[in-house]
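Colleague: I'm new to reading protein models. Could you walk me through pockets and ring pairs?
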Amino acid sequence: MHIASRFTLGFSLLLLASCAEPQPESQLALTPVSYAMLDGWSAEAPETLLPQLRSECHRLMRLPPETHLGGEAGSIPNGSSAGDWQGACTALQSVGGTSEAARTYFEQWFAPYLVSDQARFTGYYEPQLYASSVKQGAFQTPLYAQPADLVRTKDTAGETVTGRWEGGKFVPYYTRAEINHGALAGRGLELAWLRSPEDLFFLQIQGSGRLVMTDGSVRRVGFAAKNGSPYVPIGRVLVERHEMAASDISLRSLRDWLAAHPDKAQEVMEQNPDYVFFKSVDTIPLNRGAPGAMGVPLTPGRSVAIDRALLPLGVPVWIDTRIPLAQGGEGHWTHLTFGQDVGSDIKGAGRADLFTGWGEEAESVAGKLRSQGRMIVLLPHPPA
């Protein structure tokens, strides 16, 4: 969540139990379109998006103009550098709060480009878990901060690698299994204690969360670092072992399987050696989401994780798809969102992970969201 903010380890990671789902294109091919292609644009309430965009602009305009926001060189007509947003962000300062003024602003300062008619959408959320500041009773699972000996450096090929120094040699950092068996015990890294290894595992999947402490207070934690091991979806592990069918994989079914197989749960979770460390992020009000890759708080239903290798952070993203409804079934969903996050599994053009918020409903929607649809990005016009 990411994101360095935090890496968004969207729930889609957990669901990819097979290769049967269509994969998004690995290269970006943008097609200019008109706003008429945004089915539902006339019914959108663009004035409600101005505060979110202003937060983005506040961040972008403090960066050096040459700061690269994402996207391959030559593939993005405009908007891949912070300076490309100067015109749109400057104009935003004088936009009124009416729907008409906001709609006119977007249409004047952003050009729509079709990314894909077969885009793939998933969801992620901010978990809310019970925790204790001390090890006691049911609270026996440590939530670790980033260890001081976790190092990111360049190898001989110039690639970034993660590990630690041992006896003068750079070695891989401890895996999930090694950490579970005490590799970090006694080092004072515990931010809190959770009720189960499963709670920790699903918190690590999402990359951030809220902790309801035993005294009733609520604390927020976010992504700090990863151990550098590859991510292995346990849904895929269970399908390969014929424990579950790919069509049955969901957040609830995975939790239920782990709860029903306590003798196997730890070993299955340890098939995923990837391990996430956390930090306190209590400076963000609890009525707002955790900070995303841009360093601005995520907005439920309005923030998405994108592939930064193909699209720039901050870009408005029009989504036309179907999403699960809290009362059951699915509904047509067309809204403007912002690419404010990234994710380990969010790769390829036409791929986005929708932030659904926090609480039980957000968890339910994120866990079920796996749909296709249209994805259009709005790129800012260059400064005059």
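Predicted model: local features only at pLDDT ≥ 70, side-chain atom pairs only at ≥ 80, totals over all residues.

Colleague: How do you spot a pocket, and what volume does the second largest pocket have?

Modeller: Rolling a probe the size of a water molecule over the atoms shows where empty space is left. Here, the volume of the second largest pocket comes to about 450 Å³.

Colleague: Which helix gives the largest share of the lining?

Modeller: That's H8, with 4 residues. Strands E3 and E4 and helices H6 and H10 also supply at least two residues each. By type, the lining has 7 nonpolar, 3 polar and 8 charged residues.

Colleague: Okay, now rings. How many aromatic pairs does the structure hold?

Modeller: A pair of aromatic rings is described by the distance of the centres and the angle of the planes. This structure holds 13 aromatic pairs. Tyrosine 173 and tyrosine 174 make an edge-to-face pair, at 5.1 Å and 70 degrees.

Colleague: Are tyrosine 35 and tryptophan 41 buried or exposed?

Modeller: Tyrosine 35 has a relative accessible area of 13%, so it counts as buried, and tryptophan 41 is buried too, at 4%. Ring pairs also link both into a cluster with Trp85, Tyr105, Phe106, Phe110 and Trp318.

Colleague: What sits over the ring of tryptophan 41?

Modeller: The charged end of arginine 103, 5.5 Å from the ring's centre. Elsewhere, arginine 210 places its charged end over the ring of tryptophan 358, 3.9 Å from the centre.

Note on methods. Residues numbered from 1 in each chain as written. Heavy atoms only, no water. 1 Å grid on protein atoms, 1.4 Å probe; cavity = no way out; pocket = protein on both sides within 12 Å on 5 of 7 lines; lining within 4 Å. Points joined across faces, edges and corners; volume = space filled by probe spheres on them. Nonpolar A, V, L, I, M, F, W, Y, C, P; charged D, E, K, R; others polar. Phe/Tyr/Trp six-rings, centres within 6.5 Å; stacked < 30°, edge-to-face > 60°. Buried < 20%, exposed > 50% of the residue type's maximum accessible area, 1.4 Å probe, protein only. Lys NZ or Arg CZ within 6 Å of the ring centre and 35° of its normal.
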